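Reader: I'd like to learn how to read a model like this one, feature by feature. Could you walk me through it?

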Amino acid sequence: MAQRLLLACGIALTVAGSLAPFLWFALTSFKTQAEVEAVPPLWWPSGGWHFYRVALFDHHLLAYVANSVIVAGSTTMLALAIGIPAAYVLARVKLPGKAWFLGGLLTVSMFPQMAIAGPVWRLLADVQGLNTHWGLVLPYVTFSLPIVVWILASFFRELPAELEEAARVDGCTTWQTLTKIMLPLAAPGIFTAAILTFIYAWNEFFFALLILTQPGKQTLPLGIALFQGEFTIPWGELAAASVLATLPLVLMVLLFQRWIISGLSAGAVKG
Amino acid sequence: MADLELRAISKRFNSHAVLHDISLKVADGAFTILLGPSGCGKSTLLRVIAGLEPQTAGEVLIGGRSVDALSPADRDIAMVFQHYALYPHLSVRENLAFGLAMRKTPRNVIEERIAETAHLLDISPLLDRKPKDLSGGQRQRVAMGRAMVRKPKLFLFDEPLSNLDAQLRTNTRIELKKLQQRLGVTMIYVTHDQVEAMTLGDVIVVMERGRIRQADPPHETYLRPADPFVAGFIGTPPMNLWAGTLDRRPGGWIFRRGGLEVPVPPLRTDLSGHTDADVILGVRPEDIRIEPTAEPSVRLEAAIDVSEDLGADQILHCSVMDERIIVRVSQRPPIPAGRRLSLSVPQDKWHLFHENRRLN
């Protein structure tokens, strides 16, 4: 009993610790300018949507949101479109040097971004990819593919091979086996990979800063960062914009959580 | 429906040979069992027939036509897998329809076939459920249904009952037999369970280490096992087998092992030149009598070491000279351990083998 109490307290503390900065920002976003600057700091805001109005209309936040949706959405789609077949083959087909290939993927994903920033910029400059969305999507897909392939390959490996054999006897080609049988069963893995990729692309700052210099093309993290005025930091507007930037992610995770249920493949084999 | 012929099938995985030169003919409408201990290659052979595994050498013919170049789907076979392999995200109805839909069967024909199959297997009320909501026995039926609904030339079963509990297994076995008799279809059935093999099969193909040891009807396999392996594999408890030598005596041949001497039964094979040959002599526990019989028989004086009472039967573990012998009797009241018995074995109940061949 005491042990469970301790565990509950630990969990509560961890959750509170993780949420505290976000809560503080959320509270700040509803304050007035005077409340933001008050010393000692005020806990509770007197309310008001002022900062939200400023962020949305004076700083054109929605344009940044649109850019982010395009970039993160395309990155996710493309990463899955390439990652799913690759993972299936790596999980199921006997290939010479497969272990080396998977190891290589992992190594690639460990390169420090700083080290490849220069080459990526030069390559994109050569193909007129700077200041375009696809110019940002391309490196994002490259960076997220290793983790997508690893997640999906481990999911495909878990599915019983008998199911694929049954599909072959039933008349499926390899591609049909993948789309009709394996994909629905690997849905939890696919959603997990999709969400991780989307969050990465949504939050990424460094390459976005490097590749997108025209304000009209920039993504949310850039937009928010560039709120900063010459002499003051507009905390209230920043807070409001950050809350707006985070909400879609939270909503998406909550929405997809229902799909990320394990045990979807229960009943496939004897059980 | 069709017959099946295997011509000199061999299969290797890298350097490991799993099947050696397997040749077999299965008649149209026959229920054929592939029986053997685990690792004997019976499942691999089934997968070669299905086309899931390519053979290293040899030929598979279904209905007189070579199918080696055909995919599993084009061989017109259906397979029931050990773990059923139902598609978990599809309902029972969709599971049954899947193979037909892949073959572009018209919608109304699919509906008709599903209704017919569901009725036959008594799974009509389950059609809209998902596999995870079915019991083991129900999943087994659906797996059978998925095979039957396509009306294939050949049914392949890979230990389909091994995941059911004992009671259900017996019931399903009987229903499977009825079903096969009613439909008259050709079935190849892999199992390691000799009761399934004896009760279901028209022909039992006994396999060991990638080779066919015997392919005969069940009673023939039981009464006249072709070699010591089959003799020891079929029957519970297993046949008593003694390794020894043949000796010529005035008036006939004698089997000798240590101090034990047994007159050799009438043989089909000419034994001249077999003096001192290494042979194996066998007798089934249930063929040994504990009362004197009128038939010409061999008498053995035995002592009971252990007596196991199974209710209907009693298993006596005895010693004859220094040799061990198991006897199965249905004697009431049970005979206690420690007693001495005079065993008699009718002449025609002996089995004699030499170099993996049957001599009598």
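Reader: Let's start with α10(A): which of its residues are buried?

Author: Happy to. An α-helix has 3.6 residues a turn, so residues three or four places apart point the same way. Here, in a predicted model where local features need pLDDT of at least 70 and side-chain atom pairs count only at pLDDT 80 or more, while totals for chains, interfaces and linings use all residues, the buried residues of α10(A) are G189(A), I190(A), A193(A), A194(A), T197(A), F198(A), A201(A) and W202(A). For the names, residues are numbered from 1 along each chain as its sequence is written, and chains are lettered from A and ligands numbered from 1 in the order in which they are written. A residue is buried if 20 or more other C-beta atoms lie within 10 Å of its own, exposed if 12 or fewer, and partly exposed in between, with C-beta atoms placed from the backbone. Helices (H or I, at least four residues) and strands (E, at least two) are DSSP runs, numbered from the N terminus.

Reader: What covers the buried residues of α10(A)?

Author: The cover includes α4 (61-92), α7 (133-158) and α13 (235-257) of chain A. Contact means that the C-beta atoms of two residues, placed from the backbone, lie within 7 Å.

Reader: How does the span of helix α10 agree with its 17 residues?

Author: The expected span is 1.5 Å times one less than the number of residues. Helix α10 of chain A (residues 187-203) should therefore span 24 Å, and its end C-alpha atoms are 24 Å apart, which agrees.

Reader: And how many helices and strands does chain A have?

Author: Chain A has 13 helices and zero strands. Its C-alpha trace spans about 70 × 65 × 30 Å along the principal axes, and buried residues make up 32% of its 271 residues. Among contacts in chain A with a separation of 6 or more, 76% are between residues 24 or more positions apart.

Reader: Which residues have the most contacts inside the largest nonpolar core?

Author: A nonpolar core is a set of buried Ala, Val, Leu, Ile, Met, Phe, Trp, Tyr and Cys residues joined through C-beta atoms within 7 Å. The largest has 139 residues, and those with the most contacts inside it are L152(A), F156(A), L34(B), L156(B), I188(B) and V205(B). α7(A) gives the most to this core, with 14 residues. A second, separate core has twelve residues, including A55(A) and L238(A).

Reader: How many residues of chain A are in contact with chain B?

Author: 21 residues of chain A are in contact with 24 residues of chain B. On the chain A side, α8 (161-170) and α9 (174-185) are the elements that give two or more residues, and α8(A) gives the most, with seven. That side divides into twelve nonpolar, four polar and five charged residues. Here Ala, Val, Leu, Ile, Met, Phe, Trp, Tyr, Cys and Pro count as nonpolar, Asp, Glu, Lys and Arg as charged, and the others, Gly among them, as polar.

Reader: Now the sheet in chain B: in what order do its six strands run?

Author: Strands of a sheet pair through backbone hydrogen bonds, either parallel or antiparallel. Two strands count as paired if DSSP finds at least two bridges between them. This open sheet has the order β13-β12-β11-β14-β19-β20 (chain B), with antiparallel pairing. β13 and β20 (357-358) of chain B stand at the edges with a single partner strand each, so one side of each is left without a neighbour in the sheet.

Reader: How many bridges join β11 to β12 in chain B?

Author: Five bridges join β11 (residues 240-249) to β12 (residues 252-257) of chain B, and T245(B) stands opposite R256(B). Their hairpin has two residues between the strands, and G251(B) takes a positive phi near 90°. Four bridges then join β12(B) to β13 (residues 260-263) of chain B, where R256(B) stands opposite E261(B).

Reader: Which backbone angles should I look at in the loops of chain B?

Author: Most residues other than glycine have a negative phi, and most peptide bonds are trans. E159(B), not a glycine, has a positive phi of about 40°; E159(B) is buried, with 21 other C-beta atoms within 10 Å. R209(B) has a positive phi near 45° and counts as partly exposed, with 15 C-beta neighbours inside 10 Å. The peptide bond from T236(B) to P237(B) is cis, with omega near -10°, and P237(B) lies in the loop between α8 (228-233) and β11 of chain B.
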